[in-house]
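Hi everyone, thanks for coming. Let me put the structure up on the screen, and then I'll walk you through a few spots in it.

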Amino acid sequence: ASTSSVGKEERGSVTRMASPSGTSLSRIRTINTRVQSNKQRNLSNAGNPGINVSKRTRGWCSYCREKCREFYDSVRNLSAHNLALAVAVGTTGGLFPVPGTTTIVTQVLAVIFQANTPASQAINFALTPIDLLCVPV
């Protein structure tokens, strides 16, 4: 093999300094890195061939992950009194007898009693099946 030929690729790097066409080494490494990340992405979807995870989907997943972290952080450091208040507000609002208004009622009660709103709403949403069972037929 001559020195002007295309070099060997070893784990994302190229053994030569420049290609015959004058492409820089950093550009070649960037392309190799993109190719490897695409291969890894395709391997992660091996159970579902043909499915490519788009940037929009990855953005949505990271948004949901961020919101879950915010919720966890807001509930993690609650005192016993504040947690009990949030559960009481969420239960009262969640079992409000008019279906469809429980979210608004829970929010208003959380503001009035200065309860933790995310925890109150979580209790409210957890009680939705019970609230719907209480609706007279």
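Let's start with a pair of charges: the side chains of R76 and D73 meet in a salt bridge, 3.3 Å from N to O. By salt bridge I mean a side-chain nitrogen of Lys or Arg within 4 Å of a carboxyl oxygen of Asp or Glu. R76 and D73 are three residues apart in helix α2, so about one helical turn separates them. Helices here are DSSP runs of H or I with at least four residues, strands are runs of E with at least two, and both are numbered from the N terminus.

Before I go on, this is a predicted model, so local features need pLDDT of at least 70 and side-chain atom pairs count only at pLDDT 80 or more, while totals for chains, interfaces and linings use all residues. Residues are numbered from 1 along each chain as its sequence is written, and side-chain values use heavy atoms, with hydrogens and water left out.

Back to the charges. How many salt bridges does the rule give? The count comes to two. The other pairing I'd point to is K67 with E70, at 3.5 Å from N to O. K67 and E70 also sit three residues apart in helix α2, which covers residues 55-76, so they too are about one helical turn from each other.

The cut-offs are under 20% for buried, over 50% for exposed and partly exposed in between, with a 1.4 Å probe and protein chains only.

Now over to Q121, in helix α5, residues 117-126. Is Q121 buried or exposed? At 10% relative accessibility, Q121 counts as buried. Leaving out residues up to four places away in sequence, Q121 touches T103, T106 and Q107, where contact means heavy atoms within 4.5 Å.

Helix α4 spans residues 102-113 and holds I104, which counts as exposed at 59% relative accessibility.

pLDDT is the predictor's confidence in each residue, from 0 to 100. The protein chain averages 75, and 58% of the residues score at least 70. Confidence is highest in α4, at a mean of 95, and lowest in strand β1, residues 9-10, at 47. Over residues 4-16 the pLDDT is below 50, though that stretch has 20 contacts in the model beyond near neighbours in sequence. Where pLDDT is low, the predicted coordinates should not be read in detail.
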